[in-house]
Amino acid sequence: MNVDLILETFNRHRVKYVLLGGMNFLLRHAPILTYDVDLWIEDVLENRRRCETALAELNAEWGAGDDDWTPVAQLPTDWLVRQAVFCLISPAGAIDIFRSMMGLEDWQASFNASIEESTSGGVPYRGLSDFDMLRCQYALDPPFQKTQRIAVLEAALKRTGNRP
Amino acid sequence: MNEHLYKLKAHEEAKRERNWNPIERWRVIQATIAWAESQGTVRRNTPAACKRKEAELLAALNRWREARCG
């Protein structure tokens with residue numbers, strides 16, 4: 001399974017991350033299909049290095065522009081420091097790496113609140129909590145908010161007695 | 001900060017689209033759909049899921065018929 005491979009590779013390289021976005025929502029709540037794996041990584045040097053290694057093993061590709069699109073294995077070390085978000089391709093699927101997140105200020109706090117889950121293939125991962133997923137949605141401008149996702153998250157939090 | 005991230009994300013996604021071989025992209029989409037369908041929240045091709053959907057559709061059809069008949 002392609003998403004399992006991405007998560008398993010990140011786990012094996014001990015990358016500290018939280019799965020968020022549509023894939024996290026699909027795994028926990030509802031089958032709204034998404035085509036990329038969004039990973040918010042702890043933004044420290046050693047973790048960025050581990051992430052770079054994992055992405056290289058996945059044969060991921062990225063470029064600062066169209067002219068220098070290349071396998072990430074060929075990029076200089078700590079290329080992930082260049083910007084806050086990276087959209088990569090890989091044979092296993094599209095991968096988005098976030099060093100910072102709209103609506104969430106503290107990676108460690110979100111990691112501590114994240115939910116330990118496993119895919120159907122048995123691959124463990126940490127998924128952003130419903131509370132934080134909703135905060136991310138609220139941080140978006142209204143045209144970009146996913147109303148169905150917000151409704152499902154609000155209902156889930158209401159059932160558990162939590163409020164963002 | 002948010003506006004910067006918006007623009008960066010949009011720029012990155014557009015760049016990825018331009019650099020992704022369309023055949024490879026389609027293969028990945030199909031593999032992702034297959035993977036998603038194997039997950040717990042996405043069980044469409046099971047007898048239980050079919051019966052649930054069937055019951056919902058029949059209930060909706062009955063409601064529509066009752067509404068028509070007054």
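Guide: The area buried between chain B and chain A is about 2900 Å², and carbon and sulfur atoms give 62% of that area. Buried area here is the accessible area, taken with a 1.4 Å probe, that two parts lose on being put together, summed over both. The model is a predicted one: local features need pLDDT of at least 70 and side-chain atom pairs count only at pLDDT 80 or more, while totals for chains, interfaces and linings use all residues. Residues are numbered from 1 along each chain as its sequence is written, chains are lettered from A and ligands numbered from 1 in the order in which they are written, and side-chain values use heavy atoms, with hydrogens and water left out.

In terms of residues, 29 of chain B are in contact with 44 of chain A, contact meaning heavy atoms within 4.5 Å. Across this interface there are 17 residue pairs in polar contact, with both residues at pLDDT 80 or more. A polar contact is a pair of N or O atoms within 3.5 Å; within protein, one must be able to donate a hydrogen and the other to accept it, and residues adjacent in sequence count only if both atoms are side-chain atoms.

On the side of chain B that touches chain A, the elements giving two or more residues are helix H1 (2–19) and helix H2 (22–37) of chain B. H1(B) gives the most, with 12 residues. Helices (H or I, at least four residues) are DSSP runs, numbered from the N terminus, as are strands (E, at least two). By type, the residues on this side of chain B are 12 nonpolar, 8 polar and 9 charged. Ala, Val, Leu, Ile, Met, Phe, Trp, Tyr, Cys and Pro count as nonpolar, Asp, Glu, Lys and Arg as charged, and the others, Gly among them, as polar.

Charged residues also bring us to salt bridges, defined as a side-chain nitrogen of Lys or Arg within 4 Å of a carboxyl oxygen of Asp or Glu. Asp36(A) pairs with Arg16(B) in a salt bridge whose closest N and O atoms are 3.4 Å apart. For an example inside chain A, Glu8(A) and Arg12(A) meet through their side chains at 2.9 Å, N to O. Both residues lie in helix H1 (residues 2–12) of chain A, 4 residues apart, or about one turn of the helix.
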